[in-house]
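Dear colleague,

Please find below the structure that I am handing over to you.

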Amino acid sequence: MNRPLRAAVFASGGGSNLQALIDHVAASDAPSWGVSLVVTDRPDAGALARAERHGIRAEVVATRPEDEADGPAPRLLALLDEERIDLVLLAGYLKLVPPTVVGRYAGRILNIHPALLPAFGGKGMYGMHVHRAVVESGARVTGATVHLADEVYDRGRILAQWPVPVLAGDTPEALAARVLAVEHRLYPKVVDHVASALARGDDATPMDTPPFPLPTTRSTEESR
Ligand code: GRF
């Protein structure tokens, strides 16, 4: 397959990871993938404005039974078909992906999580809840994980992880900012890796070489 793969990004929030993905593609000479569709469950998601600013189709797909009697799956599948989507990238999407969508895109749905899974993952572990739990636990290391997603929160094969130190006196907010900066660097690199595999007709496998140098406490401090 020579054409760039077409990715859909699902986001519920501000969309800074979406932005990092868009910026990465824009900075690539010969990108192997691009963001062709943005889907959100929330009409007020910042991700919508980011998509519009870049001329990317953006759609709100409601997930509440009173809004969407058959659930979101039929609309999601129709949108993914219409846009000939190859790859689904969850970036702060707070809903479970319906099983029919998971089935159709098995091995081609990725998620980013702001901790080192399987620690600090699962239902209710999102956003600041994760970083608060990490600080309260006394853990000295957290990080970011990109994994294949399925119909259970934060389960699925881990493709890449990057550690981030928890510093003495860290607040959840300070830690969240440090982890988010790593997410923005990690996710696009993992998507490059997965897109190359899929374009060759291979399965998405874990990255065996580090996408960038291991952080040290000192360099992390300096980059803040
Ligand atoms: C990120 O921390 C991501 O790992 C998590 O939700 C947050 C989304 O942030 N799943 P943003 O909307 O990309 O800014």
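The model is a predicted one, in which local features need pLDDT of at least 70 and side-chain atom pairs count only at pLDDT 80 or more, while totals for chains, interfaces and linings use all residues. Residues are numbered from 1 along each chain as its sequence is written, and side-chain values use heavy atoms, with hydrogens and water left out.

The ligand

The residues around the ligand are Gly13, Gly14, Gly15, Ser16, Asn17, Gly92, Ile112, His113, Pro114, Leu180 and Glu183 (a residue is near a molecule if one of its heavy atoms lies within 4 Å of it). This shell consists of three nonpolar residues, seven polar and one charged; here Ala, Val, Leu, Ile, Met, Phe, Trp, Tyr, Cys and Pro count as nonpolar, Asp, Glu, Lys and Arg as charged, and the others, Gly among them, as polar.

Oxygen atoms of the ligand lie 2.5 Å from a polar side-chain atom of Ser16, 2.8 Å from a polar backbone atom of Gly15, and 2.5 Å from an N or O atom in the side chain of Glu183. A polar contact is a pair of N or O atoms within 3.5 Å; within protein, one must be able to donate a hydrogen and the other to accept it, and residues adjacent in sequence count only if both atoms are side-chain atoms. The elements α1 (16-26), β5 (109-113) and α6 (172-199) each give two or more residues to the shell around the ligand. Helices (H or I, at least four residues) and strands (E, at least two) are DSSP runs, numbered from the N terminus.

Individual residues

His113 belongs to strand β5 and is buried, at a relative accessible area of 3%. Buried means under 20% relative accessible area, exposed over 50%, and partly exposed in between (1.4 Å probe, protein chains only). The side chain of His113 reaches the backbone oxygen of Phe120 at 2.7 Å.

Phe120 is in the loop between β5 and α5 and counts as partly exposed, at 23% relative accessibility. Its phi is positive, about 55°, although Phe120 is not a glycine. Pro118 lies in the loop between β5 and α5 (128-137), and a cis peptide bond with omega of about 10° joins Leu117 and Pro118.

Arg84, in the loop between α3 (73-82) and β4 (87-90), also has a positive phi, near 50°. Arg84 is exposed, with a relative accessible area of 52%.

Yours sincerely
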